[in-house]
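The following exercises concern one protein structure.

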Amino acid sequence: MAGHAYRIAPTTEETGQASSLGTASIPWHSDNSCLTYENRPDYLFLGCVENPGNTEFAIADIQAVVRLLPVWVLNELTQPQYSFHFPHSFSRGGVSEVVHNQPILTCSQGIASWEVAFNEGLTTSENDQAILALSALSRSLDYWHHTVILRPGQWVAFNNRRYVHRRGTPHPGRLLYRIYAQRTLESITLKRVTQNLFTITHEL
């Protein structure tokens, strides 16, 4: 798999939007949760170039958070009863798409590892109990997470299916680079193309 390092900085076109290029804070989410399972990135790399204003970045391990949840909440979150709305950056002609009948948490039989897919600000349900369960998840994430302030030259990498993250309101001068990776971190090569562009190659 080959890809690019995406430039992440606030833009005037995304003013007020809770998106990678937006100027608003972003609530708890996993990246590209609105896409089909196989098209969601497994791993996420974020590299800091500039962070004036010390914008905070928070990350939560869903394995730890699940331990805080009552059984009824887990039961609700594993049901395919949620709708994932596409973020503003995915909209086509101003029209945002929605995928329905999605679970937030999944755990394969025989594998004691939970996976998560949701965006706190873009996940809805017509089931009242499902909404209550989503609120319980949000409260647990607010309680059990780590907050960091990325400094220039620092990178953070994590499993996008097992961790969720959020971002505070960014300073206009904040600049990060984002790289997605699939399946495994083995045999990954990072190569500079230009001063502001890198490629990442994954040998399958």
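**Exercise 1.** Determine in what order the four strands of the open sheet are arranged, and which strands lie at its edges.

*Solution.* In this predicted model, the order of the open sheet is S2-S14-S4-S12, with antiparallel pairing. Strand S2 (6-8) and strand S12 (155-159) each pair on one side only, and these are the edge strands. From one strand to the next, the twist averages 25°.

**Exercise 2.** State how many bridges join strand S4 to S12, and identify the partner of Gly 47 in S12.

*Solution.* Strand S4 covers residues 43-50 and is joined to S12 by five bridges; the two run antiparallel. The bridge partner of Gly 47 in S12 is Trp 155.

**Exercise 3.** Explain which parts of the chain are tied together by the salt bridge between Arg 178 and Asp 31.

*Solution.* Step one: the two side chains meet at 4.0 Å, N to O. Step two: Arg 178 belongs to strand S14 (residues 175-181), whereas Asp 31 is in the loop between strand S3 (26-29) and S4, so the pair links parts 147 residues apart in sequence. Step three: both Arg 178 and Asp 31 are buried.

**Exercise 4.** For the salt bridge between Asp 142 and Arg 166, locate both residues and classify their accessibility.

*Solution.* The closest N and O atoms are 2.9 Å apart. Asp 142 lies in helix H3 (residues 128-143) and Arg 166 in strand S13, so parts 24 residues apart in sequence are tied together.

Key: Residues are numbered from 1 along each chain as its sequence is written. This is a predicted model: local features need pLDDT of at least 70, side-chain atom pairs count only at pLDDT 80 or more; totals for chains, interfaces and linings use all residues. Side-chain values use heavy atoms; hydrogens and water are left out. Two strands pair if DSSP finds at least two bridges between them. Axes are lines fitted to C-alpha atoms, for helices over the stretch in contact, and angles run from 0 to 180 degrees between N-to-C directions. Buried means under 20% relative accessible area, exposed over 50%, partly exposed in between (1.4 Å probe, protein chains only).
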